[in-house]
Amino acid sequence: MRSEVATLPGSPERPNEDWAAAALPASGGGGTLVLLDGVTPPPGDVGCAHTVPWFTARLGGALTELSTSRPDLTLSEILSRAIRRTAELHTDTCDLSHVRTPQATVVLARWGADSVDHLVLSDSVLLIEAPDGSVRAVRDDRLDRVPREVLRSHAATDRLRNREGGFFTAAADPSVAERAVTGTTPAAEVRALAALTDGASRWVERFGAGDWAECARVLAKEGPAGLLRRVRVLETVAAAEAGVGHGRGGKVHDDATGVYVAF
């Protein structure tokens with residue numbers, strides 16, 4: 001088995017809000033991958049004294065521990081328990097009912113001898129590569145259904161955040177786990193897995209540099225670090241063409257993280 005994790009911050013002036021891990025249980029059987037993309041809140045009150053990296057580290061740690069130690073639980077149950085465990089760490093000090101309380105997108109996969117289970121919540125993506133090289137992208141597309149003009153308004157976005165008819169992220173409500181996209185694939189039908197935050201998946205989704213199968217080939221040859229380098233080049237070129245950056249304002253880069261596991 002080969003596993004690699006790579007991440008790049010969007011800016012050296014801000015902490016990276018992504019979190020990722022690939023782990024094997026002590027028994028040596030099976031394994032898990034976890035990927036979180038912390039949601040950067042707009043300026044203003046968020047009801048919480050803690051940062052997004054504080055939240056993603058604790059949620060990611062809980063997901064990793066539970067998904068390797070509790071094979072009796074479904075991934076939805078694991079996410080629910082991890083959210084509850086993380087919320088209990090600051091429920092006495094923070095207003096966890098605030099719509100902008102720290103939150104994150106989630107990709108979770110767990111594999112064993114017979115099957116590979118997956119869970120995706122919000123706009124990170126999981127790639128499942130078959131032995132014949134075909135690739136299936138598992139996505140939660142609810143955020144894509146929200147009109148771009150709505151997302152340009154913080155107030156309008158807040159009205160759709162973790163609401164029916166809107167989109168869902170892992171925040172403080174354990175019941176959101178039931179909203180995740182889940183599934184199981186026979187282990188014999190999986191050659192590799194890859195999880196990408198939207199800062200990494202933009203190689204396909206924003207820049208159209210290739211399709212998901214081509215993205216998987218880049219990951220197999222160059223690893224997640226190679227894919228992230230390619231994304232940074234495309235972002236820099238696009239920013240220069242648009243006149244963004246170099247003191248002219250705008251966000252050139254985003255936190256970008258990838259996990260790759262080949263069996």
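Predicted model: local features only at pLDDT ≥ 70, side-chain atom pairs only at ≥ 80, totals over all residues.
Student: Okay, and what percentage of the residues count as buried?

Tutor: Of the 263 residues in the chain, 51% count as buried.

Student: How does the radius of gyration fit with a compact globule?

Tutor: It agrees with one: a compact globule of 263 residues would have a radius of gyration near 18 Å, and the chain has 18 Å.

Student: Let's do the parts list. How many helices and strands are there?

Tutor: The chain has six helices and ten strands.

Student: I can see an open sheet of five strands. What's the strand order?

Tutor: The order is β1-β10-β9-β6-β7, and the pairing is antiparallel. The edge strands are β1 (2-8) and β7 (135-139), each pairing on one side only. From one strand to the next, the twist averages 15°.

Student: How many bridges link β1 and β10?

Tutor: Seven bridges, in the antiparallel sense, with β10 covering residues 256-262. To find one on your screen, look for E4, whose bridge partner in β10 is Y260.

Student: Which helix lies across those strands?

Tutor: That's α6, residues 212-242. Helix α6 lies across β1, β6 (125-129), β7, β9 (192-196) and β10, and runs at about 40° to β1.

Student: Switching topic: β3. How many of its residues are buried?

Tutor: Eight of the eight, so β3 is largely enclosed by the rest of the structure.

Student: Which residues sit on each side?

Tutor: One side has G31, L33, L35 and D37, while the other has T32, V34, L36 and G38. Both faces are covered, and these residues are all buried. As background, side chains in a regular strand alternate between the two faces of the sheet.

Student: And which strands pair with β3?

Tutor: β2 pairs with β3 in the antiparallel sense over six bridges, and A23 stands opposite T32 in β3. β4 also pairs with β3 in the antiparallel sense, over eight bridges. There, the bridge partner of L35 in β4 is V107.

Student: Now α1. How far does it reach, end to end?

Tutor: Helix α1 (residues 52-69) has 18 residues and reaches 26 Å from its first C-alpha to its last, close to the 26 Å expected at 1.5 Å a residue.

Student: Which of its residues are buried, and what do they pack against?

Tutor: The buried ones include V52, W54, F55, L59 and L63. The buried residues of α1 pack against β2 (18-23), β3 (31-38), α2 (75-88) and β4 (104-111).

Student: So how about α2? What's its reach?

Tutor: α2 has 14 residues and reaches 20 Å from first C-alpha to last, close to the 20 Å expected at 1.5 Å a residue. Among its buried residues are L75, I78, L79 and I83. Their cover includes α1, β4, β5 (115-121) and β8 (181-186).

Student: Where is S122, and is it buried or exposed?

Tutor: S122 is in the loop between β5 and β6. At 4% relative accessibility, S122 counts as buried, since the cut-off is under 20%.

Student: And what is the phi of N162?

Tutor: Near 55°, a positive value in a residue other than glycine. N162 lies in the loop between α4 (154-160) and β8, and N162 is partly exposed, with a relative accessible area of 23%.

Student: One more: R206, buried or exposed?

Tutor: R206 is exposed, with a relative accessible area of 56%. R206 sits in the loop between α5 (198-205) and α6.

Terms used
Residues numbered from 1 in each chain as written. Heavy atoms only, no water. Pairing = 2+ DSSP bridges. Helix = DSSP H or I, 4+ residues; strand = E, 2+ residues; numbered from the N terminus. Axes fitted to C-alpha atoms, helices over the stretch in contact; angles between N-to-C directions. Contact = heavy atoms within 4.5 Å. Rg over C-alpha atoms; globule rule 2.2 N^0.38 Å. Buried < 20%, exposed > 50% of the residue type's maximum accessible area, 1.4 Å probe, protein only. Expected span 1.5 Å × (residues − 1).
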